[in-house]
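Let's take a walk through this structure together. Have a look at it first, and then we'll go from the overall build to a few details.

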Amino acid sequence: MLQITTQRTTTPKAKPDESSLGFGVHYTDHMLIIDHDEEQGWHDARIVPYQPLELDPAAMVFHYAMESFEGLKAYRTPDGSIQLFRPDKNAQRMINTNHRMCLPSLPVEDFVQAVKAIVSFDQDWVPHAEGTSLYIRPFVIATEPHLGVRTSRTHKFIIVCSPVGAYYSTGINPVKIFVEDEYTRACPGGTGFTKCGGNYAASLISQVKAHELGYEQTLWLDGVEHKYVEEVGSMNCFFKIDGTVYTAPTVGTVLPGVTRMSCIELLKHWGIPVSEERLPIADVMKASHDGKLEEVFGTGTAAVISPVGELRYEGDVAHINNGEIGEVTHKLYNTLTGIQWGKLPDELGWTVKV
Ligand code: COI
């Protein structure tokens, strides 16, 4: 159990307009910080006014990308209360990430306690408007000033929170995806399954390329053969082909998304066949031309469920469901968001009150 001290800001900010929040633009009045060193372990948990960090320029995070992060949301329910969605899954994923990155982790209970504490403290910042939520960004950074490459002796765990609307400017309308055939996101044995900043930094060159071609995001193929579909930069990806829903296995190169996991559980619950076998991009494009590619959608905490209307691979273009959201995608969207915002009964016990 963490002992968390609090210091309230004397200069609260004006709340942003909830009808145009965007994603990751606004930040709440406070942040949570916990320090870590070899002697004391995690200590000095505190909620303080949101402010810039003071770090030594030689802090290892700046030089060797020694950091990890998580993403989850707090939702305002119809009765005005606030709830989280499966926060223990984020806590466990951060432990898995940090193990790979040689960073220290908080136990699951302390992670969840810290999230609840900062959300509760900044509860007025959890927006009320339809489709909005408070995005919660926990992260760990290596703070020791040292230029030799080794593990750090000091760290900080920090949580900042941001009231958000839709991740994509298209909202629930289908996004256009570019299939990357040149660059690689992840290889077996690497960090693909982790939430570390480096994965995202290395993906930007492809995102820039995709934008230049008029596409919103990149779909990554496996790093060895550039043959099998893996994930989209900010979400996992699902393909409904001839009645079966396919998504890449989380074998080490794919992020094990909490929304991904929840969608698989819902689909199985509804009796819809789900396959986590590797799926060649050539099969996806062929299915499209044979009229069997029924739906494509991405899943993620930030992206929620995002229908994909177009895929472009090596000059070949697949148009999906006439650019409209598919039936299963829509059902998943309605069910998942219904549970998250407390509008549907939470029969699977996924939500946690703040
Ligand atoms: C999330 O969905 O929470 C993510 O972390 C994806 C992205 C914004 C980096």
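The protein has eight helices and 18 strands, where helices (H or I, at least four residues) and strands (E, at least two) are DSSP runs, numbered from the N terminus. Keep in mind that this is a predicted model: local features need pLDDT of at least 70, side-chain atom pairs count only at pLDDT 80 or more, and totals for chains, interfaces and linings use all residues. Residues are numbered from 1 along each chain as its sequence is written.

How much of the protein is buried? Of its 354 residues, 43% count as buried, meaning that 20 or more other C-beta atoms lie within 10 Å of a residue's own; 12 or fewer makes it exposed, anything in between partly exposed, with C-beta atoms placed from the backbone. Along the principal axes, the C-alpha atoms fill a box of roughly 60 × 50 × 35 Å.

Now for the ligand. Around it sit Gly 71, Tyr 200, Ser 234, Gly 300, Thr 301 and Ala 302; a residue is near a molecule if its C-beta atom, placed from the backbone, lies within 6 Å of it. This shell has two nonpolar residues, four polar and no charged.

Finally, two loop residues. Cys 102 lies between helix 2 (87-101) and helix 3 (108-121), and its phi is near 55°, a positive value in a residue other than glycine. Cys 102 counts as exposed because it has 11 C-beta neighbours inside 10 Å. His 226, in the loop between strand 10 (217-221) and strand 11 (229-232), also has a positive phi, near 50°. With 15 other C-beta atoms within 10 Å, His 226 is partly exposed.

Conventions. Nonpolar A, V, L, I, M, F, W, Y, C, P; charged D, E, K, R; others polar.
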